[in-house]
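Me: I would like to learn how to read aromatic rings in a protein model. Could you walk me through it?

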Amino acid sequence: MNERCILVVAHARRAETVEAARRVVDALRDAGARPVLAADDRTELSAVDGVFADVDVLGESVGIDDLELAIVLGGDGTILRAAELVRGSGAPVLGINMGHVGFLAETESDDMDDAVRRVIARDYGVEERMALSVRVKDVDGAVIYETWALNEATVEKASRERMIEIVLEVDGRPLSSFGCDGMVISTPTGSTAYNFSAGGPVIWPSVEAIAVVPLSAHALFAKPLVVSPDAAVAIEMLERTDGSGILWCDGRRSHELPPGARVVVRRSSRPVRLARLHPSAFTDRLVRKFQLPVEGWRGQEPGKQS
């Protein structure tokens, strides 16, 4: 397929997002590119604006390997959904923030037209982010579920009234066992998401590592850990656990964990590709997204040594 195929990911819950999607679709068509929508998105958007009714559908007239890039209109949740849609292809994801914090987004909605112009001109870079490979094994060691995560994999209690009993293992060796509400296993990308809320460390994207953070652990040694990106982290649900647990990946994909289940998390061989328009220091992104106070700073000018 010679035509440039650009996936547009947006939902129809907000009028401004629908309008933004229409502008992106029109701009792509004017440039001779082929806009593409996921089937659910086209159904929702077409119900609001008929301009979307004849947009090609991913998986029908356009295959995943035909995609050049995905333009995402929304917050971090929508960007995670887009990463799921293009998983298995080489298409990078460009996030245009229509939400609140939008930590994964590359630009804000005010700069949308310029972002689309640069996509059309192929004026963007690509940054690869580490993802996680996640496997669930039963008590006999058979793999019963496989998935992946960009932000984090979490093992949580399924019942509000009961905690789960787990053993934490790193690189094939047991580290500690305790009762807890759950465990968060995070990438650097996810370190500003659930990991951050759970008291885990913020990890710069240039640092390859995996964070392991217990949730409300009943144990003396239950501090956040940062382990090698090549480590295998396993969480075993002890068979004495009273009730089941649940695995969540990026808050989007879940699987029930019966007593005796074993969740093994390691670095995925396939990273997630993010399109970048404005290379900037991660420190600046933290300050901007979290609105951190920096008044009184008397640091050096950019390019000068501190």
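Reply: Happy to! Let's begin with charges and rings: a charge sits over a ring if NZ of Lys or CZ of Arg is within 6 Å of the ring centre and within 35 degrees of the ring normal. Keep in mind that this is a predicted model.

Me: Which residue lies over the face of tryptophan 148?

Reply: Arginine 87 does, at 4.2 Å from the ring centre. Arginine 253 also lies over the face of tryptophan 148, at 4.7 Å from the ring centre.

Me: And how do I describe two rings together?

Reply: A pair of aromatic rings is described by the distance of the centres and the angle of the planes. This structure holds four aromatic pairs. In one of them, phenylalanine 103 and phenylalanine 290 are 5.4 Å apart centre to centre, with 40° between the planes, and the pair is tilted.

Me: Where do phenylalanine 103 and phenylalanine 290 lie?

Reply: Phenylalanine 103 is in the loop between strands S5 and S6, while phenylalanine 290 is in helix H6, so the pair ties together parts that are 187 residues apart in sequence. Phenylalanine 103 is buried, at 7% relative accessible area, whereas phenylalanine 290 is partly exposed, at 26%.

Me: Why is the pair of tryptophan 204 and phenylalanine 282 called edge-to-face?

Reply: The ring centres of tryptophan 204 and phenylalanine 282 are 4.9 Å apart and the planes are at 75°. Planes over 60 degrees apart count as edge-to-face, so that is the name for this pair. Tryptophan 204 is partly exposed, with a relative accessible area of 34%, and phenylalanine 282 is buried, with 12%.

Me: Which residues form one aromatic cluster?

Reply: Phe103, Phe196, Trp204, Phe282 and Phe290.

Notes
Residues numbered from 1 in each chain as written. Predicted model: local features only at pLDDT ≥ 70, side-chain atom pairs only at ≥ 80, totals over all residues. Heavy atoms only, no water. Phe/Tyr/Trp six-rings, centres within 6.5 Å; stacked < 30°, edge-to-face > 60°. Helix = DSSP H or I, 4+ residues; strand = E, 2+ residues; numbered from the N terminus. Buried < 20%, exposed > 50% of the residue type's maximum accessible area, 1.4 Å probe, protein only.
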